[in-house]
Each structure stands twice: as structure tokens, then as C-alpha cells.
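Open the structure in your viewer and keep the selection tool at hand. The stops below say what to select and what is there.

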Amino acid sequence: MDFIQYIFRFLFRIRWWLIFAPIAIVAVVILGTRNMPQTYHVDMTVYTGVVSGFAMETGESMQNTTIVNNTIDNIINIMKSKDALRDVCLHLYARHMIYGDPEKDNVYIRAENYRQVLKITPKDVLVLIDKNSESKTVENLKKYEQQSPTNFVYGLFNWNHPYYCYDALNKINVQRLGSSDMLRIDYAASDPGVAYQTLLLLDTVYVQQYKNLQFGATNSAIRYFEKELERVVEELRSGKDSLTQYNVENRIINYDEQTKEVAALDKEVELRYQDILQKYYSSEASIKHLETQLGENTAFLKNNAVFLSKLGEISRLNKNISELESFHKEGTNPSVNNQLIQQYKKQLDHLEEEFTSLSTEISNKKFIRDGYPTANFVTQWLEELLTLERAKAEKEIIEEYRQDINRKYYHFSPIGSTIKRQERSIDFIERSYLSFLTSLNAARLRLKSLEMNSASLKLINP
């Protein structure tokens with residue numbers, strides 16, 4: 001009992017300390033913390049569409065884990081990048097200078113904080129503020145900014161301002177929600193309007209930078225393939241025009257068929273030429289043999305002017321008939337050729353009859369030196385002579401055509417290699433054209449896929 005009484009007596013003696021000491025501590029705490037800045041936390045959730053996105057190149061959802069994780073990491077790194085935060089800084093400052101009110105708080109910035117920002121802003125920076133356009137103001141600020149310790153705009157991001165500097169904005173936290181498409185972004189600042197506007201601006205800035213990075217390479221590839229496609233199309237057109245002009249200049253319609261016809265004609269002419277040579281040499285040998293038997297009768301005939309004249313006429317007619325019959329069957333006017341042939345043949349028959357009648361005059365000498373009848377030898381000699389003249393005429397015509405065929409070989413031989421070379425070049429250009437066209441279509445599909453995926457970057461709860 002005495003112990004309890006002692007305790008109550010002690011408390012009674014220090015009763016005023018127990019009352020006033022806590023009051024004094026509370027008063028000191030209140031006075032000491034009344035001007036401390038408060039912290040306001042804001043957050044937002046962004047839907048990326050990476051996991052459940054649709055890839056137009058494959059026509060399937062993006063299920064590759066490596067690609068998905070890489071894409072989401074890229075988005076997070078873009079949000080945290082210095083370039084993106086610098087744009088947020090300039091846009092945030094421009095928005096405060098345009099919409100801030102020194103007398104009243106608003107959703108952009110508190111009046112007290114706006115007065116502080118306004119107080120530190122130089123006059124040459126104030127003239128850059130366009131109250132009607134945030135984008136124009138940011139453009140002016142970027143033009144004004146220089147890497148100098150005395151440049152105010154440069155210092156906003158690189159010094160230590162509580163709302164605009166890199167250290168403050170770098171406190172933005174970005175996290176992926178599990179393995180989903182969602183990103184949670186949170187930030188804290190002493191001004192609720194500043195914190196709210198910072199995340200809204202970040203959502204706009206990172207989407208634009210993501211599109212620029214993604215579309216930049218694809219657009220460059222598309223421009224490259226379009227230029228290459230134009231160049232290849234021009235080369236292809238030039239190559240085909242050159243080949244067409246070359247064919248026209250060399251009278252080529254179908255090279256393979258034309259060369260086949262030349263080869264077939266060459267074979268036909270060679271066979272015909274061999275037959276004619278056989279007749280020619282056979283007749284020539286027979287004539288030499290008969291002339292040795294006829295003796296002075298041959299000299300008499302060869303010195304006879306009428307004989308020589310008629311022999312020349314027969315040779316000329318045989319040549320004309322041989323030329324028309326052998327190679328002019330498909331002339332421009334077959335009926336005219338047939339009439340000429342019939343006319344020449346009638347003249348030839350008449351001349352041969354007259355030519356043969358000469359044998360009657362020579363046959364007055366009944367016997368040769370060996371005792372054989374002369375008339376039979378003269379008739380044989382005349383027949384062989386006529387055969388020789390026909391063979392000689394055909395031989396001349398065939399030789400002319402052989403020369404013509406040789407000229408055709410000389411003409412077509414270099415043409416073939418040139419045409420093949422140009423066709424190979426055109427084929428290579430066509431394959432290049434198809435390759436560039438395929439690559440261009442793939443790049444355009446890639447761009448459309450990026451547009452669809454970029455469109456899926458949406459802010460869910462601002």
C-alpha cells in the first residue's frame with residue numbers, strides 16, 4: 001500500500017509537467033512542420049497490346065516470349081529515357097506558363113508554385129511563351145536552349161528544379177503488372193497538379209517517341225525499296241527497249257525458229273549440191289570420153305557459131321528454169337513464176353530440137369577411125385552436153401545460195417550471243433524487281449503492323 005501511495009504522490013507533484021510537456025512538444029512539432037511540403041502520389045495504367053497484339057506479317061498473335069519481353073523493355077526504357085523526360089520537362093514548363101494562375105490553384109499547378117516559377121523565369125524566356133499554343137511554345141524553347149550553364153531552359157532539366165529537372169522526373173516508376181500487357185506508372189510530387197500533368201505528358205511523349213523509333217527504320221526501308229524499285233523498273237524498261245530495237249535492226253522475229261529454218265535450208269542445199277555435182281562430173285567425164293571418139297567432129301562442132309549460140313541459149317534457159325523451180329516456189333506471185341517456167345521450157349524444147357538436128361549434118365561421116373557409126377556418138381555427146389549444161393546452171397544457182405546461207409550464218413551467229421546476253425540481263429533485272437517488290441510489300445506490312453500495335457498503347461486510368 002505504501003508503494004502505491006508513493007507513486008500517486010510522485011505523479012501529483014509532476015502533474016504540471018505531465019500536462020504542459022506534451023502540449024509544448026505538439027506545439028513545437030506543429031510549428032516546425034507547418035511549412036513542410038506535402039507529397040501527392042499519382043499513378044496510371046497503360047495497355048501496351050504487346051502480348052495479345054496481332055502481327056500482320058504472320059497473321060498470328062505475338063507469342064514469342066523473347067520478342068514480347070524485348071518490346072515491353074523497349075517501351076519502359078523509352079519512358080525512362082533522358083530524351084523523353086526532357087520533352088516532358090519542356091512541355092510541363094510550357095503548360096505551367098500558359099495555364100498557371102498566380103492567384104488561384106488549378107489542375108496544372110498551385111498558385112504559390114506558379115509564382116515561384118514565374119519569379120525565376122528570365123524576361124527573354126517569358127517572350128517565348130505563346131499563350132495560344134503549347135507546341136509553339138515548346139518549339140521556341142528548344143530553339144532558345146543551348147548547352148550553357150547560363151541558359152535557363154537548359155538549366156530547367158539539368159539543374160535541380162523540383163518539378164522539371166532530370167533527378168525529379170527520373171523518380172517516375174514504371175513496372176509491368178505480372179506477365180500481362182499492362183504497365184503501372186506512378187509518380188509523386190509536392191504539387192498534385194504537377195504530378196498529374198507529368199504523367200499525362202509522359203503518356204503522350206513516350207507514344208510519339210516509340211512511333212518515331214519504330215516507324216523510322218521501317219519508313220527508311222520503304223523509301224529505300226521504293227527508290228530501288230523505280231531504278232530497277234527503269235533498267236528493265238531500258239533493257240527491253242534495247243532488245244526490241246536490236247531485234248528490229250537485225251530483222252529478228254523469233255531467233256530460234258529463224259536459225260532452225262536456216263539450218264534446214266542449209267541441209268537441203270547441201271544435199272542438192274551433192275546430187276548436182278555428181279551429175280556435173282559424170283556428164284563432164286562422159287563428154288571427154290565421147291570427144292576422144294569423135295575426133296575432128298568435135299572440133300567442127302565447137303567451131304560452129306550456130307552451135308555455140310544455141311548452146312549458150314540452152315545454158316541460159318536451163319539456169320533460169322533451175323532458179324525458178326528450185327528456190328522461187330514460194331515467191332510473191334506463184335502464178336507468174338509458173339507462167340515463166342512454162343515459157344522457158346517451151347523455148348528450151350525448141351532449142352534442144354534445133355540443137356539435136358545438128359547431128360544430122362555431122363552424121364554424113366558414117367564412121368569414125370575405129371569403124372563405129374559417128375551419128376550415135378554425136379547424139380550421145382549432144383545429150384551429155386545438154387545434161388552438163390543443166391548441171392552447170394543448177395550448180396551456179398546452188399553455189400549462189402550456199403554463199404547466201406553462209407552470209408546468214410555470219411549474220412545470225414553474233415546475234416544469238418548478243419540476244420542471250422541481253423535476255424540474261426533482263427532476267428536478272430526482273431528477278432531483282434520481284435525481290436525488291438517482295439521486300440517493299442513486307443516493309444509495308446511491317447509498318448501497318450507497327451501502326452496497329454502503336455494504336456494499342458492506351459492509357460486506361462489517367
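Predicted model: local features only at pLDDT ≥ 70, side-chain atom pairs only at ≥ 80, totals over all residues.

Residues are numbered from 1 along each chain as its sequence is written, and side-chain values use heavy atoms, with hydrogens and water left out.

Start with the rings. Rings of Phe, Tyr and Trp (its six-membered ring) pair if their centres lie within 6.5 Å; planes under 30 degrees apart count as stacked, over 60 as edge-to-face and the rest as tilted. The whole structure holds seven aromatic pairs. Select Y99 and Y108: this pair is stacked, with 4.6 Å from centre to centre and 15° between the planes. Y99 is partly exposed, at 39% relative accessibility, and Y108 is partly exposed at 23%.

Next, select Y93, F152, Y163 and Y164, which make up one aromatic cluster.

Then select K82 and Y166. K82 lies over the face of the Y166 ring, 5.0 Å from its centre (NZ of Lys or CZ of Arg within 6 Å of the ring centre and within 35 degrees of the ring normal).

Finish at T198. Is T198 buried or exposed? T198 is buried, because its relative accessible area is 0%. Leaving aside residues up to four places away in sequence, T198 touches V88, L92, L169, I172 and Y187 (contact means heavy atoms within 4.5 Å).

Definitions and conventions. Buried < 20%, exposed > 50% of the residue type's maximum accessible area, 1.4 Å probe, protein only.
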